Amino acid sequence: MYLLVGVLATGAYFLLPSAALQETFRPLFNLAALGAAVAGILMHRPKRPLSWYLFTCGLLLFVLGIVTYVYYEATLGKTPFPSVADVFFIASYPCAASALLLFQSRRLVRDRASTIDPIIVTVAVGMLAWVFLIEPYTTDPSLTLLQRLVSMAYPLMDVLLLAVVVRMLLVRGERPFAYYLLVAGLLCMLIFDARYGVTTLAGTYQTGSPIDAFEMLFLVLFGTAALHPSMTHLSDNTVLDPETRLTRRRLVLLATASLMAPGLLALQAVRGETLNVPVTVGG
């Protein structure tokens with residue numbers, strides 16, 4: 001029921017007549033996901049609830065960031081950057097990453113080979129993030145040093161979270177239904193963050209853009225995962241399988257990551273941009 005209502009509410013968001021109404025409606029998804037996480041923990045009572053507590057803490061920090069942002073707009077008429085809201089927003093990412101690592105903690109020691117693959121993928125994606133999302137801030141003369149660091153922190157947190165999500169996808173073992181909901185939600189969030197970063201740099205982002213759906217679907221899927229009974233299996237009853245195989249999916253992922261560096265050089269050459277040789281060679 002939560003999933004159904006969430007999907008319908010996501011569609012209703014795009015039917016609202018003004019951006020002001022959409023901005024008012026959007027935080028309700030965060031509050032609903034936070035309530036669903038608390039309700040799921042209280043209803044199902046997992047034996048190892050710390051990972052769910054961390055996820056809930058991450059959502060709470062994000063909600064506090066929104067409240068702070070709205071407070072600045074209501075009292076000052078504008079939002080300073082950076083502000084306390086950015087502290088809350090950025091702090092929510094390590095909470096989510098720590099929660100994902102705890103879900104996998106019983107596999108980490110026995111499946112160390114699966115720790116290497118996410119590093120390979122993260123380095124490859126990190127090159128793209130640096131060239132297209134981070135480096136423009138380092139050369140922007142209109143930003144102060146603190147503004148540059150905060151602007152760079154957001155895509156860096158996404159890269160960190162991606163590494164943990166990739167590891168979660170690669171490690172073998174039992175995968176309850178809540179696992180698929182959670183991973184699908186996290187992928188939606190990463191897609192939203194990446195696209196939002198690109199459109200913000202280009203100055204083309206507007207409230208009500210189709211990419212907003214990915215952010216809301218992340219919150220809907222996370223809330224559904226927390227409410228589903230299999231959420232206890234995700235944190236408690238992990239079946240270990242230490243054998244690591246080079247499956248077709250794994251091979252495709254690693255091959256794509258390995259081709260990212262020459263692909264980046266080719267893309268920059270086609271677009272007539274200066275080749276970022278140090279970053280590419282390092283990657």
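**View A. Aspartate 117 in helix α7.** Aspartate 117 lies in helix α7, which spans residues 113–138. The model shown is predicted. Aspartate 117 has 8% relative accessibility and therefore counts as buried; the cut-off for buried is under 20%. Setting aside neighbours within four places in sequence, aspartate 117 touches Leu170, Arg250 and Leu254.

**View B. Helix α1 packed on helix α10.** Helix α1 covers residues 2–13, and helix α10 covers residues 212–227. Their axes lie 9 Å apart, at an angle of about 165 degrees. The two helices are therefore roughly antiparallel to each other, since angles over 145 degrees are classed that way. The crossing of α1 past α10 is right-handed. From α1, the contact draws on Tyr2, Leu3, Gly6, Val7, Thr10 and Tyr13. From α10 come Asp212, Ala213, Met216, Leu217, Leu219, Val220, Leu221, Gly223, Thr224 and Leu227. Sorted by class, the residues of this contact are eleven nonpolar, four polar and one charged.

**View C. Helix α4 against helix α10.** Helix α4 runs over residues 50–76. The axes of α4 and α10 come within 12 Å. They cross at roughly 145 degrees, and the crossing is left-handed. On the α4 side, Trp52, Phe55, Leu59 and Phe62 make the contact. On the α10 side, the partners are Glu215, Leu219, Phe222, Ala225 and Ala226. Eight of the contact residues are nonpolar, none is polar and one is charged.

**View D. The largest nonpolar core.** This core holds 50 residues. Phe55, Leu100, Leu161, Leu182 and Phe222 have the most contacts inside it. Helix α8, residues 145–170, supplies the largest share of the core, with ten residues. Phe55 of α4 and Phe222 of α10 also take part in the contact between those two helices.

**View E. Surroundings of leucine 100.** Leucine 100 is among the residues with the most contacts inside the largest core. Neighbours within four places in sequence are left out here. The remaining contacts of leucine 100 are Phe55, Leu161, Val164, Val165, Met168, Leu182 and Leu186.

Note on methods
Residues numbered from 1 in each chain as written. Predicted model: local features only at pLDDT ≥ 70, side-chain atom pairs only at ≥ 80, totals over all residues. Heavy atoms only, no water. Axes fitted to C-alpha atoms, helices over the stretch in contact; angles between N-to-C directions. Helix = DSSP H or I, 4+ residues; strand = E, 2+ residues; numbered from the N terminus. Parallel < 35°, antiparallel > 145°, perpendicular 65-115°, else oblique. Left-handed = near helix turned anticlockwise from the far one by under 90°. Contact = heavy atoms within 4.5 Å. Nonpolar A, V, L, I, M, F, W, Y, C, P; charged D, E, K, R; others polar. Core = buried A, V, L, I, M, F, W, Y, C linked by side-chain atoms within 4.5 Å. Buried < 20%, exposed > 50% of the residue type's maximum accessible area, 1.4 Å probe, protein only.
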